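Me: Please take a close look at a single part of this structure. I would like one connected account that starts there and follows it into its surroundings.

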Amino acid sequence: MEPTQAGQVVVIGSGLIGRSWAMVFAGGGFRVKLYDIVQQQITSALEYISREKKELERCQLLKGSLNAQYSEFSLCSSGSQISNAIYYYFLFQECTPEKLELKKKIFGQLDLIVSNDVILSSSTSTLLPTKLFTGLKHVKQCIVAHPVNPPYYVPLVELVPHPETEPSTVDKTHALMKKIGQSPVKLTKEIDGFVLNRLQYAVISEAWRLVGEGVISPADLDLVMSDGLGMRYAFIGPLETMHLNAEGMTNYCERYREGMIHVLKTFGPVPDFSGEIEQQISQAMSEKTPADPEHLNARRAWRDECLMGLAKLKKQMKSN
Ligand SMILES: NC(=O)c1ccc[n+]([C@@H]2O[C@H](COP(=O)([O-])OP(=O)(O)OC[C@H]3O[C@@H](n4cnc5c(N)ncnc54)[C@H](O)[C@@H]3O)[C@@H](O)[C@H]2O)c1
């Protein structure tokens with residue numbers, strides 16, 4: 001369905017992720033309704049979107065016009081405000097706090113009022129679709145669409161189906177994400193951590209161990225990623241890296257198979273992420289960026305500026 005025919009997207013929860021999704025959907029041509037139980041959250045989301053729009057314009061990264069209509073409503077417990085015009089909605093993107101019972105309640109309410117072709121999507125980072133959607137009448141229309149923060153500059157979205165999700169729901173969500181400029185990937189089944197966090201935790205785990213064993217300092221460890229591996233990972237993934245770092249994948253395996261297995265066998269058990277090593281790493285991180293809101297926010301703003309620059313570069317490289 002084309003967005004122009006599709007009516008509206010509803011974003012439930014207008015915090016950090018909800019307001020970003022609203023921008024992404026609006027940039028893709030959808031009209032967006034933002035819901036929250038806290039009116040101030042909607043006000044602050046609209047202010048945020050207006051500020052970001054100016055910044056995106058300045059950096060020539062604006063997708064579409066972003067002139068979507070953002071309506072201000074709170075989600076009442078019966079869901080009746082949503083049901084007023086329910087047949088015009090194309091997708092619900094749930095962005096409430098990571099609490100299973102709260103999310104189940106919201107999907108339970110939506111289940112009572114939605115039509116048979118709407119997509120019910122959750123932004124959850126950790127909750128499996130079988131925990132969220134099992135037992136819903138509209139389970140075939142349910143999916144997890146897990147974004148990466150901040151979604152406007154980091155376009156990946158992991159699509160994770162429930163075992164009973166219709167393939168057409170996955171396909172429609174995939175097409176929608178492409179349409180709005182995101183980069184969707186399909187998981188064929190649910191798995192703890194989905195894919196992004198499994199990869200991230202593998203890296204964090206080894207980083208922790210190397211610092212803990214005194215092999216490298218915390219600051220240098222981070223440089224290995226930001227000025228080393230991360231440079232190429234912004235453009236090609238680990239598998240393509242293998243393919244390019246030899247005369248193709250088969251040749252890479254022939255050359256490096258034994259070495260990789262030898263090193264991987266020296267990896268230890270899962271760290272407990274506490275105690276002395278935690279203190280050491282926390283101290284090193286706080287020397288660079290003190291862990292108070294002012295310093296953390298300043299560093300986050302710098303990070304987002306960098307991501308914006310990278311998004312621009314990637315766009316240029318693709319069009320070459
Ligand atoms: N923050 C991240 O980096 C990130 C990344 C990917 C996915 N996620 C996922 O996105 C979801 C939202 O995370 P966030 O960081 O935006 O949280 P947040 O706390 O910033 O925002 C949650 C919003 O939901 C609102 N809310 C609470 N109960 C509600 C209800 N019943 N109806 C409507 N609104 C309600 C809150 O008032 C708040 O504005 C979580 O599931 C999280 O796991 C977060």
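**The ligand shell and its setting**

Reply: Helix H2 (16-27), helix H5 (100-113) and strand E6 (142-147) each supply at least two residues of the shell around the ligand, helices (H or I, at least four residues) and strands (E, at least two) being DSSP runs numbered from the N terminus. The model is predicted, so local features need pLDDT of at least 70 and side-chain atom pairs count only at pLDDT 80 or more, whereas totals for chains, interfaces and linings use all residues. Residues are numbered from 1 along each chain as its sequence is written.

The shell holds 25 residues, and Gly13, Gly15, Ile17, Ser125 and Asn149 are the closest to the ligand; a residue is near when its C-beta atom, placed from the backbone, lies within 6 Å. By type, 12 of the shell residues are nonpolar, 11 polar and 2 charged, where Ala, Val, Leu, Ile, Met, Phe, Trp, Tyr, Cys and Pro count as nonpolar, Asp, Glu, Lys and Arg as charged, and the others, Gly among them, as polar.

H2 gives the most to this shell, with 3 residues. The largest nonpolar core has 47 residues, of which Val11, Ala22 and Phe25 touch the most other members, and H2 gives the most to this core as well, with 7 residues. Such a core is a set of buried Ala, Val, Leu, Ile, Met, Phe, Trp, Tyr and Cys residues joined through C-beta atoms within 7 Å; buried means 20 or more other C-beta atoms within 10 Å of a residue's own, and exposed 12 or fewer, with C-beta atoms placed from the backbone. Leaving aside residues up to four places away in sequence, Phe25 touches Val9, Phe30, Val32 and Ile180 (contact: backbone-placed C-beta atoms within 7 Å).

After H7 comes Gly181, with a positive phi near 90°.

Terms used: Two residues are in contact if their C-beta atoms, placed from the backbone, lie within 7 Å.
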